[in-house]
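Please look at the sequence and the structure shown here, and then read on. The text below leads through the spaces inside the protein, and then through some of its helices and strands.

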Amino acid sequence: MNTLNGRTKRPVSAGPPGSADPSGDSGPPADSVPPSRSPFRLPTLRQDFTASVVVFLVALPLCVGVAVASGVPAELGLVTGIVGGLIAGALPGSSLQVSGPAAGLTVLVLEAVRAYGLAALGVIVLVTGALQLLMGALRWGRWFRAISVSVVEGMLAGIGLVLIAGQLYAMTGTDGPADGLDKIAGLPGMLADSFGSTAARASLLLGAGTIAVLVLWRRIPHAARFVPAPLAAVALAIVVSATFSLPVAKVEVTGLLDAVRLPEPDDFGTLANVSILGTILAFTLIASAESLFSAAAVDRMHDGRRTDYDKELMAQGAGNTVCGLLGALPMTAVIVRSSANVQAGARTKASRILHGVWLLLFAALFPAALAVIPLPALAGVLVHAGFKLIPFRALPPLWRDHRGEVVILGVTAVSIVAISMFEGVLIGLAMAVVKTAWEASHVRLEVQDSGAGPVRAALSGNATFLRLPRILDTLEALPHTRPVELDLSGLHHLDHACRTALENWAARHGGSGADQVTVTPVQSRT
């Protein structure tokens, strides 16, 4: 009897997924400034100056809102925005995307602050930045693009759901449950109770009005839209609150220098807690993936230099390292600010550096202005941001063409809501790997039986352990009294589990009274 080990030649296996350059083409020559030259050039300074003002106006309410929703002083959101402009903005990587505090990390930061305290946040962000620097130096940036898009979208959708639920409680001035499912389950009761309190009702209506302004802003005449929607919504909320003396909570101001807290040696003792290491990994994975996926989206918006993903990852790492040293929020690239930067006509990285300068001047000269901002308005801004994290428009076509991807997206989102951020992302990644392995193991088994002589069975495709039950069921159903010709020459890949199982089947079939099993081995493929 010929065995599979006899003269079988080892098949040539395919390289690892993503072994080709995932970043696509390098794009046309840059109209951005080369890294060796100053970004502040007269031919483009006017466009960059205008764009920087627009980005500043977009970033200001978002920086404050993300900080408040994360359970930290509002000034720390401005600190992260300043670092995103002055530090990450000045480094090479992506020329036009803008970094700062992001709604996508709000839930994770809030959980970390509740679990370990505000003092530990700086250490967490500092180690996250160091890991990003290391990954960039090891040239791992491009590999983040190999993460399944469904996992990333599911992650953002889960974050969006938890963010929406949490900020709806904030809109009524009440504290919501810590658990994501409890937050969602308690929403009907919370909304019903809010109408029985004058303060809660006023707070809820002010937040709802803020959301309405954000949704309807793009429908007003273009000439009136020179102010970005988030700033316009918050400004109108300030005017309404002051005009009618609404009993709503305002942002608490502690001062920029008082809010900044450098990590102390004792704070690093929290790293001995195993659970905090999972939080750091979650920060690193989510911040890096969100930044690099944002970079890919921004690249599609302009014709300038394409992103160098490794350098961009190092820029994000440098920014987060500085944010950690200042005890501020983590930083990621933010698609809302980045798209505003491109649409405002930015040409070089000077626009994002200048937006950091404007944030610094505002925080230094007008810190008291934060105290007039109603908290329900910021909650409304983040509820709107949470809805934008959920890919509603992408779901119908994705369901029609790739239903498995929708399942991964949904399971990832639900896991984040029901369990936690880190575990939810791990579940999504595991599902994506299993789905890919299953789809890659396509195998076809054809059986030809003329009624006399040997039965011919031919395998083609990729034979892996995932398809082994179906293969064995078919082979074991062949007549035990007939010889079999097993043709493996059509296989591209035969893994060890399949090879061993087929050898065992051939031995059993040959010992059951039939003539020998003849095997045509896998052919080498060059």
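**Spaces, helices and a sheet**

The largest cavity is lined by Leu76, Leu118, Ala119, Gly122, Ala259, Arg261, Pro263 and Gly327. The model is predicted, so local features need pLDDT of at least 70 and side-chain atom pairs count only at pLDDT 80 or more, while totals for chains, interfaces and linings use all residues. Residues are numbered from 1 along each chain as its sequence is written, and side-chain values use heavy atoms, with hydrogens and water left out.

A cavity is found on a 1 Å grid over the protein atoms alone, as a set of points where a 1.4 Å probe fits but cannot get out; lining residues have an atom within 4 Å of a point. Grid points are joined across faces, edges and corners, and a volume is the space filled by probe spheres set on the points. The count is 2 cavities of 30 Å³ or more. The largest cavity has a volume of about 70 Å³. Helix α4 (residues 118–137) gives the largest share of its lining, 3 residues. Helices (H or I, at least four residues) and strands (E, at least two) are DSSP runs, numbered from the N terminus. By class, this lining has 5 nonpolar, 2 polar and 1 charged residues. Here Ala, Val, Leu, Ile, Met, Phe, Trp, Tyr, Cys and Pro count as nonpolar, Asp, Glu, Lys and Arg as charged, and the others, Gly among them, as polar.

What lines the second largest cavity? Its lining is made up of Ile147, Val151, Val152, Met155, Leu285, Ala289, Val425 and Leu429, and its volume is about 40 Å³. By class, these are 8 nonpolar, no polar and no charged residues. Helices α5 (149–171), α11 (274–299) and α18 (421–440) each supply at least two of the lining residues, and α5 has the largest share, 3 residues.

A pocket, in contrast to a cavity, is an open set of points with protein on both sides within 12 Å along at least five of seven lines. The second largest pocket has a volume of about 920 Å³. Its lining has 45 residues, and Val68, Ala69, Leu110, Gln167 and Ala170 lie nearest its centre. By class, the pocket lining has 26 nonpolar, 12 polar and 7 charged residues.

In helix α19 (residues 468–476), Leu468, Ile471, Leu472 and Leu475 are buried, that is, under 20% relative accessible area with a 1.4 Å probe and protein chains only; exposed means over 50%, and partly exposed lies in between. These four residues are on the same side of α19 because they cover an arc of only 95 degrees around the axis, taken from the directions from the helix axis to the C-beta atoms. An α-helix has 3.6 residues a turn, so residues three or four places apart point the same way. The face of α19 turned away from the buried side carries the exposed residues Pro469 and Asp473.

Four strands form an open sheet in the order β3-β4-β5-β6, with mixed pairing; two strands pair if DSSP finds at least two bridges between them. Strands β3 (443–448) and β6 (517–520) stand at the edges, each with a single partner strand, so one side of each has no neighbour in the sheet. Strands β5 (residues 484–494) and β6 run parallel and are joined by 4 bridges. Asp487 has Thr520 in β6 as its bridge partner.
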